[in-house]
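The exercises below are meant to be worked with the sequence and the three-dimensional view side by side. Try each task before reading its solution.

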Amino acid sequence: MSLGLVSTRKLVDKKVFGGKDHAKHLGKVKAFIFHPNEKRCVGFVVKRPDVALMFHRDDLFVAFDSFTIEDDGDVFVSQNAGATGDAACKRLGVDWNTCLVWRGLPVVTEAGETIGIVGDVVYEGRTGAVQSLKVDANASANALLGKRNIDAELIKGFRTGIGAPLLSSDMAEYNDDAAVVCGGILVANEVKDIVTEGLADMAGRKAGELSVKARMKAAQAKPKAEALANTAKDVASRGAQTAGKAINKGAKFAGERLAQTKSAIEAFKEEYDKAMRDEASDDSQGIAAQSDTPQPPQTETQSVAPKKKVRKVKKVRVEKR
């Protein structure tokens, strides 16, 4: 893959290959190197594995214009002369011992305010010119400072006497000639006005991402919900049809039973009425038969009752005195 804009952060710790057909594993990208006085990257160093895990091997310098990046992220070093080592330094006109590693250096404004440390540097792959750098909040800074992207015109470059020590006091104890020198990346005061990617910004962006995800999930779930609703409607419709059939069947059965019961009652009534009519007919025939039977003649004594004699009471008139 041809080089355009190169992010130093993305390439750190990537595997580096060289040799014929790029089959030789050289090591991993350790750090990117920058010019001591100019705002440009001159290359990177490769941390090579020790021989037999015992003998230390020096880091290998690779010029900024002498490698390619494959799609899988691996780095392939060119076989051209002046691509690595002292030959590359001579070609680029730089002294290996004076070059700098920008990543991790303090970022200080012209007013002397430290706003963080260098987290990433983006440079142009063909020339090495720095395009921008990203400032990360360091451990001592307030987390609300967040991150800033600083364009090249606001970057003044490396300066000594500001920032943090470049050589620790522990190293100075082992080297009497070494002095503790402070250094950092100087930037314009306008950097403080750059909108940061602070916690509030990140929270808002996260909320936006969650909102988008929620809408996407809702959109994805809508067809399923509609399908489930349609299925539920179908099931309910089939259930209602089944229930209706059962009710109609039950009603029909009840009607049939009711009709049968009614017919039975009517049949019983007819039988009862018929039986009553037959019984009444038998009684009337018996009475008629009795009346038709000849009776013995009554004698005169039997037919004439003796008459009682009635005494006549003579009325007596009583005179009042």
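**Exercise 1.** Is D21 buried or exposed?

*Solution.* The model is a predicted one, in which local features need pLDDT of at least 70 and side-chain atom pairs count only at pLDDT 80 or more, while totals for chains, interfaces and linings use all residues. Residues are numbered from 1 along each chain as its sequence is written, and side-chain values use heavy atoms, with hydrogens and water left out. Begin with the cut-offs: buried means under 20% relative accessible area, exposed over 50%, and partly exposed in between, with a 1.4 Å probe and protein chains only. With a relative accessible area of 69%, D21 is therefore exposed. Finally, consider the backbone: phi of D21 is near 60°, a positive value in a residue other than glycine. Most residues other than glycine have a negative phi.

**Exercise 2.** Locate D13 and describe its backbone and its exposure.

*Solution.* D13 sits in the loop that runs between helix 1 (8-11) and strand 2 (15-18). Its phi is near 75°, which is positive although D13 is not a glycine. The relative accessibility of D13 is 54%, so the residue counts as exposed.

**Exercise 3.** Which residues of helix 2 are buried, and how are they arranged about the axis?

*Solution.* Helix 2 spans residues 85-92, and its buried residues are A88, C89 and L92. Viewed down the helix axis, these buried residues fall within an arc of 100° (taken over the directions from the axis to the C-beta atoms), so they line one face of helix 2. Strand 4 (41-47) and strand 5 (60-63) are among the elements that cover them. On the face turned away from the buried side, helix 2 carries the exposed residues D86 and K90. After helix 2 comes G93, with a positive phi near 70°.

**Exercise 4.** Which residues touch the most other members of the largest nonpolar core?

*Solution.* A nonpolar core is a set of buried Ala, Val, Leu, Ile, Met, Phe, Trp, Tyr and Cys residues joined through side-chain atoms within 4.5 Å. The largest one holds 48 residues, and F44, F67, W102, I150 and I185 touch the most other members. Strand 3 (residues 24-34) contributes the largest share of this core, six residues. Leaving aside residues up to four places away in sequence, F67 is in contact (heavy atoms within 4.5 Å) with residues including L3, L11, F44 and Y123.

Note on methods:
Helix = DSSP H or I, 4+ residues; strand = E, 2+ residues; numbered from the N terminus.
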